[in-house]
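Student: I am new to this structure. Please take one part of it and go through that part closely with me.

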Amino acid sequence: MISIISLRGLWAYRYFVLGSVKREFQARYQGTQLGVFWVIAHPLSLILVYTLVFAGLMKSAMPGHTSRFAYGIYLCSGILTWNFFTEMLGRCVNIFVENANLLKKVQFPKLCLPIIVTASSALHFCIVMGLFLIFLVVIGSFPGVIIFAMLPVLAIQIALTLGLGIFLATINVFFRDVGQSVAVIVQFWFWLTPVVYAPTILPPFAARILEWNPMWPLINAYHDIFLEQRLPAWHTLWYPMLLALVLVALAMRAFSRLQAEIVDEL
Amino acid sequence: MGHIRVRNVGKAYKRYHRKIGRVAEWCGMGTHHELKWVLHDISFEINAGDAIALIGVNGAGKSTLLKIITGTARPTRGAVEVGGRIAALLELGMGFHPDFTGRQNVYMAAQLHGLNSSEIGACMQDIENFAEIGDYIDQPVRTYSSGMQVRLAFSVATAVRPEILIVDEALSVGDAYFQHKSFDRIRAFREQGTTLLFVSHDPGAVKTLCNRAILIDQGRIAQEGAPDEVLDYYNAMIARKQTSELIEQSEQLGGSKITRSGSHRAVIEEVDLLFNGVTTRAVSSHSAVVVRVRGIVHEAVEELTVGILLRDRLGNDVFGTNTFHHYSSSQHPAVGDAFQVDFAFPDLALGLGSYSITVALHKRDAHVADSYDWWDRALVFAVTPAERASSFVGVCNLPVSVAWK
């Protein structure tokens with residue numbers, strides 16, 4: 001019941017959400033001379049470094065692949081989606097603290113804020129992903145219709161990030177250590193996920209433990225789609241999906257119990 | 001539409017002895033906090049079209065109450081019912097984002113009120129014209145002066161006439177020109193039926209804009225009624241508070257050594273301010289008051305003179321005189337005699353503000369000759385606006401005749 005009411009409340013603030021996403025986008029490049037160029041330059045340089053440097057110069061090869069771009073594609077599909085995850089999580093965690101000024105003075109549904117972060121991060125992800133797809137077309141490695149399999153995987157990833165993000169953001173209002181520790185933990189988390197290395201190089205016991213890492217099957221799914229050009233192993237995604245639902249439920253519970261105190265504490 | 005009903009509202013903040021207590025509570029392990037009440041059982045009703053002033057010293061709970069009425073904070077007890085759209089200027093600004101330009105912030109504020117871009121575009125020009133901040137509208141808000149922020153915030157909040165307008169001290173930051181302009185707009189809204197809830201320390205603004213006042217003190221409603229009466233009560237209250245603070249201050253500084261000096265051959269026992277024969281610490285300008293000084297003579301003194309000195313809030317001398325200058329110094333009281341001197345002011349033509357009275361006992365015309373007792377800031381009192389509209393600004397009202405030539 002509560003969620004239906006709050007969703008309707010959010011709808012009334014759609015102009016605020018859309019406007020905020022637009023403002024954030026503008027603000028990021030405000031005061032620069034080249035403006036839109038930087039929107040593309042940053043992700044493009046990222047893709048080129050990963051693909052050309054690793055593929056061309058270091059001649060890193062992927063086991064079982066002959067294409068010289070194989071490792072570059074492996075790296076990009078993992079890092080671009082991982083960056084989407086960490087950017088969104090990092091901003092979500094601090095979202096109530098950063099907007100204290102607004103929350104104390106204007107009455108509006110607080111959940112607008114994580115939604116703005118999601119939309120804003122998703123917009124940047126779309127630009128990067130778009131460039132990556134163009135790159136894949138250019139080098140002739142575009143996976144075709146398989147690409148649509150990415151959408152459910154992304155949906156799970158966003159739900160997972162949002163659930164974790166809102167939960168931690170609520171706690172962070174009362175214990176600011178949470179925001180600090182997330183930045184540290186994400187560093188370790190990155191290396192506990194097969195983004196730059198192939199999971200096959202891990203000793204079996206380590207692999208068994210790391211399977212509990214919900215980002216593992218998600219990143220693997222992206223690898224399947226982009227590098228192997230096949231559908232991800234759907235059954236591996238049950239775990240992150242259920243975890244995402246649990247986290248969203250937990251976040252909603254924590255938020256609705258504590259939201260009255262958030263403004264008092266800020 | 002436009003009414004506000006506040007019923008038995010109380011607000012308490014949770015105070016934890018140790019932060020970890022909060023985690024224990026989340027896990028369902030007992031209670032680890034105590035409640036710090038900042039508002040107690042506040043009830044009042046505001047009807048549509050009313051203009052209410054909320055007054056009270058800093059920290060009395062006015063802002064918390066406004067936050068509860070606007071909905072940003074929730075009451076711990078009781079309920080608030082609001083009929084109609086609220087536009088609120090709480091403290092400085094409206095939650096402006098410092099990195100966004102003024103224009104972007106205008107859009108953000110308007111979108112928070114549910115307007116879409118084309119609707120905002122329609123009133124953007126009005127907002128710019130009213131704020132009069134020129135090119136700054138396209139600069140980041142962090143480069144604004146506080147006055148400019150208030151100009152923009154007020155212009156946005158009042159771009160569309162709200163049913164309820166809440167203004168929290170914010171306007172005092174603006175310059176006189178903008179204050180006039182915004183008061184004109186508030187007045188125009190009132191005529192069209194907007195309910196006003198106004199927090200201010202400016203008695204003039206309260207009297208001209210509001211038809212009722214509520215005095216909040218230590219989280220409770222201390223007085224409610226016509227603005228004049230409530231302001232008088234309030235001024236008396238702060239004067240009392242200031243006096244006791246000043247006395248405490250002087251005691252902390254080493255007591256009589258600082259505020260009292262002299263040989264103490266004669267000693268001031270009591271200083272009082274009387275209006276209609278009754279002790280008061282707040283008088284309206286141009287009223288008839290008496291400063292009464294009573295003392296006792298301990299040792300033989302010659303030509304005892306009693307002097308008073310009025311100082312303003314900043315310590316500037318405003319007016320001083322003594323019995324010698326008024327040819328009544330031929331007093332040679334005997335040892336053990338008590339004495340009383342009344343300084344009667346038939347028309348206390350002082351400007352608004354708080355004043356202190358310093359009293360001295362000495363020989364002949366100046367206290368340098370032979371000072372018996374000198375009591376710094378023996379009494380603090382406030383001058384409140386006169387019944388009729390005041391015709392002057394500044395510290396005192398000089399006799400003047402004005403004519404076109």
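**A close look at chain B**

Tutor: Start with a strand pair. In chain B, β18(B) and strand β19 (residues 371-384) pair in the antiparallel sense, over 9 bridges. Take one bridge from that pair. B:Tyr355 has B:Phe381 as its bridge partner in β19(B). Keep in mind that this is a predicted model.

Strand β15 (residues 304-312) of chain B pairs with β18(B) over 9 bridges, in the antiparallel sense. Here B:Val306 finds its bridge partner in β18(B), at B:Leu361. How much of strand β18 (residues 353-363) of chain B is buried? The count is 8 of its 11 residues, so the strand is largely enclosed by the rest of the structure.

Now compare a residue in a loop. B:His332 sits in the loop between β16 (317-322) and β17 of chain B. Is B:His332 buried or exposed? B:His332 is exposed, because 12 other C-beta atoms lie within 10 Å, and a residue with 12 or fewer counts as exposed. Setting aside neighbours within four places in sequence, B:His332 is in contact with B:Glu302 and B:Glu303. B:Ala300 is 32 residues away from B:His332 along the chain, yet their C-alpha atoms are separated by 8.4 Å.

For β17(B), look at strand β14 (residues 289-297) of chain B: the two pair in the antiparallel sense over 8 bridges. Within this pair, B:Val290 has its bridge partner in β17(B), namely B:Ala344.

Chain B holds 9 helices and 19 strands. Chain B is split into domain 1 (4-235) and domain 2 (236-384). The centres of domain 1 and domain 2 of chain B, taken over C-alpha atoms, are 42 Å apart. Where do the two domains touch? In chain B, 8 residues of domain 1 are in contact with 8 residues of domain 2. On the domain 1 side, helix α8 (residues 227-252) of chain B gives the most, with 5 residues. By class, that side of domain 1 of chain B has 5 nonpolar, 1 polar and 2 charged residues.

Step back to the whole chain. The C-alpha trace of chain B spans about 85 × 80 × 40 Å along its principal axes. The radius of gyration of chain B is 27 Å, whereas a compact globule of 405 residues would have one near 22 Å. Of the 405 residues in chain B, 39% are buried. Among contacts in chain B between residues at least 6 apart in sequence, 73% join residues at least 24 apart.

Last comes the neighbouring chain. Chain B has 21 residues in contact with 20 residues of chain A. On the chain B side, helix α3 (residues 102-112) of chain B supplies the largest share, 5 residues. The residues of that side of chain B divide into 9 nonpolar, 8 polar and 4 charged.

Conventions: Residues are numbered from 1 along each chain as its sequence is written. Chains are lettered from A and ligands numbered from 1 in the order in which they are written. This is a predicted model: local features need pLDDT of at least 70, side-chain atom pairs count only at pLDDT 80 or more; totals for chains, interfaces and linings use all residues. Two residues are in contact if their C-beta atoms, placed from the backbone, lie within 7 Å. Helices (H or I, at least four residues) and strands (E, at least two) are DSSP runs, numbered from the N terminus. Ala, Val, Leu, Ile, Met, Phe, Trp, Tyr, Cys and Pro count as nonpolar, Asp, Glu, Lys and Arg as charged, and the others, Gly among them, as polar. Domain bounds come from an automatic or database domain assignment. Two strands pair if DSSP finds at least two bridges between them. The radius of gyration is taken over C-alpha atoms; the globule rule is 2.2 Å times the number of residues to the power 0.38. A residue is buried if 20 or more other C-beta atoms lie within 10 Å of its own, exposed if 12 or fewer, and partly exposed in between; C-beta atoms are placed from the backbone.
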